[in-house]
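I opened my notebook and worked through one chain today. These are my entries, in the order I looked things up.

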Amino acid sequence: MKNPREKALQIINDVLYKGAFLEESLEILKKSNIDERDYNFIKEITTGVIRNRTYLDYVIKINSRVKIKRIHKIILSILEMAIYQMYFLDKVPDYSIVDESVNLAKIYGNRGSISFTNGILRSISKKDAPQVKIEDSIDNLSTFYSHPKFYTEYFYNNYGEEFTKKLLKANNEMPPFTIRVNTLKTSKSDLMSNLKELSFEIEETVYDNALNILNPKGIIDTKYFDEGHFYVQDLGSILVASFLNPRENSSLLDLCAAPGGKTTHLAELMNNTGEIMACDKSQGKIKLIQENAKRLGVKNIETRVNDARVLNKDFIDKFDYVLVDAPCSGTGLYRKKPDIKWNKDLEDIKSLAEIQLEILDKAKDYVKDGGELLYSTCSLSKIENEDVVNKFLENNKNFKIKKLRDRDVLKLFPSTDGSDGFSITLIEKN
């Protein structure tokens, strides 16, 4: 690639200002036969800038004579890229970073912005990374760790300063590469042995059949992936199915099933017995479930296109277990998808909570008497979890919570559980 920095700039601009998703943008780039070194550089820069955006803008603010709102967005992104490289990476000398940034400003800016880019970056390159000095503690933490203020404020007020610091710090770290052993085809010991023979380094986790791969490069290209011996899945996602823990020969409905990680895990826990109805709202999503089920050797899943917000009369009183892994804001996925920090605000969260309650309102009718409904989100917000569950229980007195780890709503945090952020609630129909 002629100029990886220019490509990184385009991706950052598309994600921050045009509604693109970072993960999808990088996946498209990866499939373009790009040189691996260039791809890794672009991924590092784009992810780093988006993950640390607020702090990088703070550095610009305290060094610029021009108000940040008056800096053109593309020039602002060029500055953010440069400062990220100066303060977070050490492979490229600062003078080279300044020169490359000025060259980008020549492509996208005018004479004034070229001079501004050169001057501010030369000044910043002579200084150490600054500490954030904002009097308000919540603003200070939000800026230093680059998180939305509403997110920091909630955890600061409800969990305290130290917990919040650790959570924000963990959200800015790279997540582990976790796989779930598919016991329908292999055992943990056999898979570990086979992967170690291929020089993969393995770390066990708190869940028996979940493993962290410390050097995952190439693991998807192995025959063990092709033959369905494992599924790439975060620990939190793995734990969702384990808390529902359906018995063999039972009936189960997964209302929002794509791409099928939890569904196939549930099938495994049922030892390929009973029946699982896996639904999602489009044929494309259904195809993902089918492909994963086939690779993993799952035989007890039937798939169906279904809108979870619309009552399906065919499902009423039919299932021992119902899983609602609801569409959510993804505030528990900041480690993996840092762009969520900037493309989901408080109003989005409130709108999603209404959808979640709608889905639960339909799901309740599908549970047999004595059956269980598990509600999960990869969000940590109270609005999408405790508030939704409480409203549901107010309207449905024939349901009650079954505690998980002595909690009504179990929260998994990157800082304490080593997983993505998840909220999980198990509800029983009386």
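**Entry 1: Cys378**

Where is the place of Cys378? I found Cys378 in the loop between β9 (367-377) and α18 (386-395). I count residues from 1 along each chain as its sequence is written. The model is predicted, so local features need pLDDT of at least 70 and side-chain atom pairs count only at pLDDT 80 or more, totals for chains, interfaces and linings use all residues, and side-chain values use heavy atoms, without hydrogens and water. Helices (H or I, at least four residues) and strands (E, at least two) are DSSP runs, numbered from the N terminus.

I looked up the record next. UniProt, in an unreviewed entry, gives Cys378 the annotation "active site". Such annotations may be inferred rather than shown by experiment; feature names are shortened, and positions follow the numbering used here.

Is Cys378 buried or exposed? Cys378 counts as buried, at 17% relative accessibility. Buried means under 20% relative accessible area, exposed over 50%, and partly exposed in between (1.4 Å probe, protein chains only). I then listed contacts, meaning heavy atoms within 4.5 Å. Leaving aside neighbours within four places in sequence, Cys378 is in contact with Cys328, Gly330, Thr331, Gly332, Leu333, Gly421 and Phe422.

**Entry 2: the "binding site" list**

The unreviewed UniProt entry also lists a "binding site", including Cys256, Pro259, Lys262 and Asp325. I checked Cys256 and Asp325.

Cys256 lies in the loop between β5 (251-254) and α14 (261-269). Cys256 is buried, with a relative accessible area of 13%. Not counting residues up to four places away in sequence, Cys256 touches Cys279, Asp280, Ala308, Asp325 and Pro327.

Asp325 is in strand β8 (residues 319-325). Asp325 counts as buried, at 17% relative accessibility. With the sequence neighbours up to four places away left out, Asp325 touches Cys256, Lys262, Ser376, Thr377 and Phe422.

Most residues other than glycine have a negative phi, and most peptide bonds are trans. I looked for exceptions.

The peptide bond from Ala258 to Pro259 is cis, with omega near 5°. Pro259 sits in the loop between β5 and α14.

Asn271 is not a glycine, yet has a positive phi of about 60°. I place Asn271 in the loop between α14 and β6 (275-280). Asn271 is partly exposed, with a relative accessible area of 44%.

Asp406 also has a positive phi, near 65°. Its loop runs between β10 (399-402) and β11 (410-412). Asp406 is exposed, at a relative accessible area of 69%.

**Entry 3: helix α11**

Which residues of helix α11 (residues 188-197) are buried? I noted Lys188, Leu191, Met192, Asn194 and Leu195. Seen down the axis of α11, these fall within an arc of 165°, so they line one face of the helix. The arc is that of the directions from the helix axis to the C-beta atoms. On the other side of α11, Ser189 and Glu197 are exposed. The buried residues of α11 pack against β1 (177-181), β2 (202-204), β3 (210-213), α12 (223-226) and β4 (230-232).

**Entry 4: α5 and α6**

The axes of helix α5 (residues 73-88) and helix α6 (residues 94-108) come within 10 Å and cross at roughly 170°. Axes are lines fitted to C-alpha atoms, for helices over the stretch in contact, and angles run from 0 to 180 degrees between N-to-C directions. α5 and α6 are therefore roughly antiparallel to each other (angles over 145 degrees count as such; under 35 is roughly parallel, 65 to 115 roughly perpendicular and the rest oblique).
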